[in-house]
Amino acid sequence: MDGLLAMLERASSLLVSYASDSASRAQAEKTLLDFRNSEKPYALCQYVLEHSSNENTIFQCVIAVKAAVVREWPLLSPSEIEDLRLFLLTYAIQRPSLPSFVREHVFAAVAIMYKRGWLDEATKTEGRATLFRHLQELLALGSEHQLVAFSLMSALLSEFSSSPRSSAVGLPWEFHFATKQSFETEELRDIFGLVVTTLSGMMALPDDALAARQNALQRIMSLAEQVLHWQFLPSRCVRMFGSFEPIVSTFLKPPLSWRHCFN
C-alpha cells in the first residue's frame, strides 16, 4: 500500500499548492475523487491514517470514509461498522495534536455512522448503549479525553439536529425526522445530563485549576448552549430545504422526562 499512500500524498499536496498548474491540480482532483468513490476503501484509509503525517491526505481519507459509509451502509455488517467506528475514535484519542479541521471531520464521520444505524432494529439498542458508555468513559479519563468527548457530543448534536449542518445520508426526509424525534426523547437528555454533571465538577475546582482549563470550560459551555438552543419537534412540522421548521418555535421545551435534569 506504500505506492497508493505516496500517490495520495502527492495528489493532496498538489491540490493545495500555489505552485501547481491547472493541469496538475485537475489530475490531483481526479485522483482524489476516484479514491473517494472507490469500493470499500476502509483498509486503505486505515493504513493511510496510521502511516501518513500529511494533514491534507489524512483529511481526504476521512472524507472518503464518510462518503463510503453512507454509500455502502447496506453492504456493511454490524461488526464492520463497529470496528470502523472504534478505529476512528481511537485514532482521534491517540492523536491529540490532530489539526482541528481533521479532528472535527473524524467525529462527524462517527456521528454519521451512529445516525445511519439509529433506527436499525437489530443494532439500535446496543449501539445507543455503546455510545453513552463511550462518552461516560471518555469524560472520566481526564482533560484530553474530555475534549474528545466534547467534540463527539458536538458532532452528534449537529448531526441529529436535522438542520442544514446535518449530512446527507441517502435517505428520505422521513428518516431524518424519525431519528431526530428518537434522539431528542432520551439521548439528548442524557447528553445534557453529562454536560451539566461535567460543568458542575469543573465549577467546583479551585480558581487556579479552573483557570488552567479555560479551553475545556469554553467547550462545555458551547455544548450546553447547543442543547439549550435545540429546536424540539412539535406535533406538526413542514419540510423546508431538507430541514425541519416548526409551525411555532419551541426552543427549550423538552418533554417531562427531562424534569430531573433541572432539579
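Predicted model: local features only at pLDDT ≥ 70, side-chain atom pairs only at ≥ 80, totals over all residues.
The chain contains 12 helices and two strands. Of the 263 residues in the chain, 46% are buried. Among contacts with a separation of 6 or more, 65% are between residues 24 or more positions apart. The accessible surface of the chain amounts to about 13,600 Å², and carbon and sulfur atoms contribute 56% of this area.

Threonine 179 belongs to helix H9, which spans residues 173-185. Its relative accessible area is 0%; threonine 179 is therefore classed as buried, the limit for that class being under 20%. The side chain of threonine 179 lies 3.0 Å from the backbone oxygen of histidine 176. When neighbours within four places in sequence are set aside, the residues in contact with threonine 179 are Lys115, Trp118, Leu119 and Phe160.

Methionine 1 is located in the segment before helix H1, a helix that covers residues 2-16. With a relative accessible area of 48%, methionine 1 is partly exposed. This value is over the 30% required of patch residues, and Met1 forms a nonpolar surface patch together with Leu4 and Met7. The area of the patch is about 280 Å².

Methods: Residues numbered from 1 in each chain as written. Heavy atoms only, no water. Patch = residues over 30% accessible without salt bridge, like charges linked within 9 Å, V, L, I, M, F, W, Y side chains within 5 Å. Areas by Shrake-Rupley, 256 points an atom, 1.4 Å probe, with all protein chains shown as cover. Salt bridge = Lys/Arg side-chain N within 4 Å of Asp/Glu carboxyl O. Helix = DSSP H or I, 4+ residues; strand = E, 2+ residues; numbered from the N terminus. Buried < 20%, exposed > 50% of the residue type's maximum accessible area, 1.4 Å probe, protein only. Polar contact = N/O pair within 3.5 Å; in protein donor to acceptor, adjacent residues only side chain to side chain. Contact = heavy atoms within 4.5 Å.
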